[in-house]
Amino acid sequence: MLVIGLAGFVTTLDNTVVTVALPTIQTELGTSPAALEWVVTGYVLTFSGLMLAGGRLADVHGRRRTLVAGLAVFTAASLAAGLAASTGGLVAARLVQGCGAALILPAMLAIVSVGNDDRRRSAGVAVWMASGAGALALGPVVGGYLTQHVHWSWIFLLNVPLGVLLVALTVVAVPESRDERAVRVDAPGVVSSVVVLSAGTFALTFGIELGWTSPPVLGAAVLTVAGAVAFAVAERRGRDPMVDLTLFRARAFTGGVLAQVLWGLGVNGVFFFTALFLQGVLGFTPVMSGLAFVPLALLVVVVTPLAPVAERRFGAARTVALGLVLVAAGMLAVAFLRPGDGWAGLLPAVCVIGIGSALTMPLGSAVLGAVPESRAGVAGGVFSVAREMSGLFGIAIIGVIVNGSASFTAGYSAGLLVAACLVAVGAVVSLVTLR
């Protein structure tokens with residue numbers, strides 16, 4: 001549990017801690033705005049692009065071995081990022097960090113699943129979700145403090161002792177497991193999945209900035225479609241496919257992944273624009289807008305341990321559906337906030353979203369429990385990809401709504417209504433499929 005919590009914490013923290021330090025990094029390294037964006041997106045690009053491959057590597061070569069390898073790569077890249085003296089060096093280190101995280105997350109979820117009953121699996125997923133929520137809350141705070149009072153490099157260097165500790169704990173505490181029937185890695189499946197996810201991530205990340213019809217984005221979109229076709233062919237014809245498509249015959253697996261996608265489309269898409277709304281419409285200061293996310297994250301940490309209790313009493317379907325309904329209701333409440341509304345209008349909605357998000361925890365354990373243990377790594381990879389990619393799709397969809405509206409306030413409200421509907425559909429899907 002300690003390994004799961006710490007590993008989930010550091011990989012999520014590195015997704016959020018950097019943003020506060022970007023102005024300082026730009027000044028000290030003389031970074032151009034375009035290159036500065038790659039300090040953030042480089043990590044997301046390799047993280048998202050390699051997760052499916054990381055899940056299969058974990059099944060074939062061993063979950064503990066893959067987790068240790070991922071932690072070692074992540075730690076070494078963190079050291080390189082902290083010592084970087086140029087923008088190119090920092091971006092390269094961030095790309096390698098994402099590679100390490102792509103091995104860590106699916107291997108970690110497979111370790112939670114293999115050899116554990118439903119109660120232990122639920123507890124492991126709860127620890128993972130709570131640690132991620134804690135990282136989301138602490139990321140801007142830790143990044144801001146270290147950048148202002150120490151040096152921006154320490155947002156990366158702090159990962160080094162944590163990584164060394166995690167490697168030692170993993171070797172001592174985590175049992176090894178692998179798919180004994182797997183004799184090789186599905187190379188065509190690995191290559192095509194990396195192409196699909198990396199090109200898709202690039203298109204969704206830069207679509208709003210460069211324009212959806214710009215040559216780089218169109219080229220990435222074409223590459224994504226071509227890679228998806230190649231991946232489907234490779235998985236259907238392969239003797240030992242990376243992603244066994246028969247997994248999707250399990251109703252709980254398919255429904256859980258779909259519900260996760262709908263949740264990610266709604267929640268992540270809206271939150272990307274929330275800081276702009278808080279400061280530009282409600283008149284919050286940057287500090288106040290950062291603090292607005294803290295109650296949500298703290299409630300996820302506090303309520304998540306109670307979610308397995310609710311799951312055992314009411315079942316995964318009802319618990320997850322209730323959580324998604326609460327998230328949708330909180331988003332609807334935010335949609336009706338207007339200039340002049342302050343904490344009194346915002347805080348109840350934020351708290352409802354936090355409680356609802358915590359109650360969606362059984363979604364992960366339901367997905368992992370619906371597949372054979374031999375495919376636990378790939379199942380973790382699919383679930384993780386659904387989580388990451390749906391967030392990028394959500395940002396793109398809500399961005400189109402915001403940019404196409406007469407004003408930011410109208411666009412943000414319309415985006416919230418669309419996002420709430422998507423999350424509500426996820427509640428229905430969960431209620432039907434997770435029984």
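Here is a short exchange about a predicted model of one protein chain.

Student: What is the mean pLDDT of the protein chain?
Tutor: pLDDT is the predictor's confidence in each residue, from 0 to 100. In this chain, 95% of the residues reach 70 or more. The mean is 83.

Student: Which element has the lowest mean pLDDT?
Tutor: Start at the other end of the scale. Helix 5, residues 63–83, has the highest mean, 94. The lowest mean is 68, and it belongs to residues 286–291, which form helix 13.

Student: Is Thr 319 buried or exposed?
Tutor: Find Thr 319 in helix 16, which covers residues 316–335. Its relative accessible area is 4%. Buried means under 20%. So Thr 319 is buried.

Student: Which residue's backbone oxygen lies 3.3 Å from a polar atom of the Thr 319 side chain?
Tutor: Look beyond the neighbours within four places in sequence. There, Thr 319 is in contact with Ala 307, Ala 310, Glu 311, Phe 314, Leu 359 and Pro 362. The backbone oxygen at 3.3 Å belongs to Ala 310.

Student: Which residue's backbone oxygen does the side chain of Thr 11 reach?
Tutor: Thr 11 sits in helix 1, residues 2–16. With 5% relative accessibility, Thr 11 counts as buried. Its side chain reaches a backbone oxygen at 3.3 Å, that of Gly 8.

Student: Which residues does Thr 11 touch, not counting those up to four places away in sequence?
Tutor: Go to helix 1, where Thr 11 has its place. Then skip the residues up to four places away. What remains is Tyr 43, Ala 101 and Ile 104.

Student: What is the relative accessible area of Met 51?
Tutor: Met 51 belongs to helix 4. Not counting residues up to four places away, Met 51 touches Ala 102, Leu 105, Pro 106, Gly 381, Ser 384, Val 385 and Glu 388. Met 51 is buried, and its relative accessible area is 0%.

Student: How far apart in space are Val 60 and Arg 338?
Tutor: Val 60 is in helix 4, residues 51–61. It is buried, at 4% relative accessible area. Along the sequence, Val 60 and Arg 338 are 278 residues apart. From C-alpha to C-alpha, the distance is 53 Å.

Student: What separates the C-alpha atoms of Gly 207 and Val 217?
Tutor: Gly 207 is in helix 10 and counts as buried at 1% relative accessibility. Beyond its neighbours within four places, Gly 207 is in contact with Phe 202, Trp 212 and Val 217. Val 217 is 10 residues from Gly 207 along the chain, and their C-alpha atoms are separated by 6.1 Å.

Student: Which residues are closest to the centre of the second largest pocket?
Tutor: This pocket has a volume of about 580 Å³. It is lined by 24 residues. The closest to its centre are Leu 52, Val 196, Leu 197, Val 385 and Met 389.

Key. Residues are numbered from 1 along each chain as its sequence is written. This is a predicted model: local features need pLDDT of at least 70, side-chain atom pairs count only at pLDDT 80 or more; totals for chains, interfaces and linings use all residues. Side-chain values use heavy atoms; hydrogens and water are left out. Helices (H or I, at least four residues) and strands (E, at least two) are DSSP runs, numbered from the N terminus. Buried means under 20% relative accessible area, exposed over 50%, partly exposed in between (1.4 Å probe, protein chains only). A polar contact is a pair of N or O atoms within 3.5 Å; within protein, one must be able to donate a hydrogen and the other to accept it, and residues adjacent in sequence count only if both atoms are side-chain atoms. Contact means heavy atoms within 4.5 Å. On a 1 Å grid over the protein atoms alone, a cavity is a set of points where a 1.4 Å probe fits but cannot get out, and a pocket is an open set with protein on both sides within 12 Å along at least five of seven lines; lining residues have an atom within 4 Å of a point. Grid points are joined across faces, edges and corners, and a volume is the space filled by probe spheres set on the points.
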